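Please look over the structure shown below before reading on.

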Amino acid sequence: MGQQNIITEIVEERKRQDEKWGVRNQLHTWWLVILLEEVGECAKALLEGDGLRNEIIQSAAVCLAWLENIERESDSEENP
């Protein structure tokens, strides 16, 4: 599977997250908590030997969501 396919999976996961939670504008500390929870699920999947790839995709999607939040903040500062 190539890089583009992986990126597509991350974007699809982002869409699922938005459908579930809506667009979230969080404090950076809260994004870190969300990401650490996802990384914890990666660790659990690694130890259990099942689901690691999916958990990494979810973690990457959370990073993308956090970056999107930063972009929205930047845009709102530039265009009050």
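Q: Is Ser-59 buried or exposed, and what is its relative accessible area?
A: The model is a predicted one, and in it Ser-59 is found in helix 3. A residue counts as buried when its relative accessible area is under 20%. Ser-59 is therefore buried, with a relative accessible area of 7%.

Q: Which residues does Ser-59 touch, not counting residues up to four places away in sequence?
A: Ser-59 belongs to the helix 3 side of the contact between helix 2 and helix 3. When residues up to four places away in sequence are not counted, Ser-59 touches Leu-35, Glu-38, Val-39 and Cys-42.

Q: What is the secondary structure of the protein, and in what order do the elements run?
A: The secondary structure comes to 3 helices and 0 strands. From the N terminus on, the elements therefore run, with helices and strands taken as DSSP runs, in the order α-α-α.

Q: How are helix 2 and helix 3 oriented to each other?
A: The axes of helix 2 (residues 28-48) and helix 3 come within 8 Å and cross at roughly 170 degrees. Angles over 145 degrees count as roughly antiparallel. Helix 2 and helix 3 are therefore, in relation to each other, roughly antiparallel.

Q: How many nonpolar, polar and charged residues does the contact of helix 2 with helix 3 have?
A: On the side of helix 2 the contact is made by residues including Trp-31, Leu-35, Val-39 and Cys-42, and on the side of helix 3 by residues including Ile-56, Ser-59, Val-62 and Trp-66. By class, the contact has 15 nonpolar, 4 polar and 4 charged residues.

Q: How are helix 1 and helix 3 oriented to each other?
A: The axes of helix 1 (residues 3-21) and helix 3 (residues 52-78) come within 8 Å and cross at roughly 70 degrees, and helix 1 passes helix 3 in a right-handed crossing. An angle of 65 to 115 degrees counts as roughly perpendicular. Helix 1 and helix 3 are therefore, in relation to each other, roughly perpendicular.

Q: Which residues of helix 1 make the contact with helix 3?
A: Helix 3 contributes residues including Ile-57, Gln-58, Ala-61 and Ala-65 to this contact, which by class has 8 nonpolar, 2 polar and 5 charged residues. From helix 1, the contact is made by Ile-6, Glu-9, Ile-10, Glu-13, Arg-14 and Gln-17.

Q: Is Glu-13 buried or exposed, and at what relative accessibility?
A: The place of Glu-13 is in helix 1, and Glu-13 touches Ile-57, Gln-58 and Ala-61 when residues up to four places away in sequence are not counted. Since the cut-off for burial is under 20% relative accessible area, Glu-13 counts as buried, at a relative accessibility of 10%.

Q: How far apart in space are Gln-17 and Val-62, C-alpha to C-alpha?
A: Gln-17, whose place is in helix 1, is buried, with a relative accessible area of 7%. Leaving aside its neighbours within four places in sequence, Gln-17 is in contact with Gly-22, Gln-58, Ala-61, Val-62 and Ala-65. Although Gln-17 and Val-62 are 45 residues apart in sequence, their C-alpha to C-alpha separation in space is 8.5 Å.

Q: What percentage of the residues in the protein is buried?
A: The C-alpha atoms fill a box of roughly 50 × 30 × 20 Å along the principal axes. Of the 80 residues in the protein, buried residues make up 25%.

Methods. Residues are numbered from 1 along each chain as its sequence is written. This is a predicted model: local features need pLDDT of at least 70, side-chain atom pairs count only at pLDDT 80 or more; totals for chains, interfaces and linings use all residues. Side-chain values use heavy atoms; hydrogens and water are left out. Axes are lines fitted to C-alpha atoms, for helices over the stretch in contact, and angles run from 0 to 180 degrees between N-to-C directions. Helices (H or I, at least four residues) and strands (E, at least two) are DSSP runs, numbered from the N terminus. Angles under 35 degrees count as roughly parallel, over 145 as roughly antiparallel, 65 to 115 as roughly perpendicular and the rest as oblique. A crossing is left-handed if the near helix is turned anticlockwise from the far one by less than a right angle, and right-handed if clockwise. Contact means heavy atoms within 4.5 Å. Ala, Val, Leu, Ile, Met, Phe, Trp, Tyr, Cys and Pro count as nonpolar, Asp, Glu, Lys and Arg as charged, and the others, Gly among them, as polar. Buried means under 20% relative accessible area, exposed over 50%, partly exposed in between (1.4 Å probe, protein chains only).
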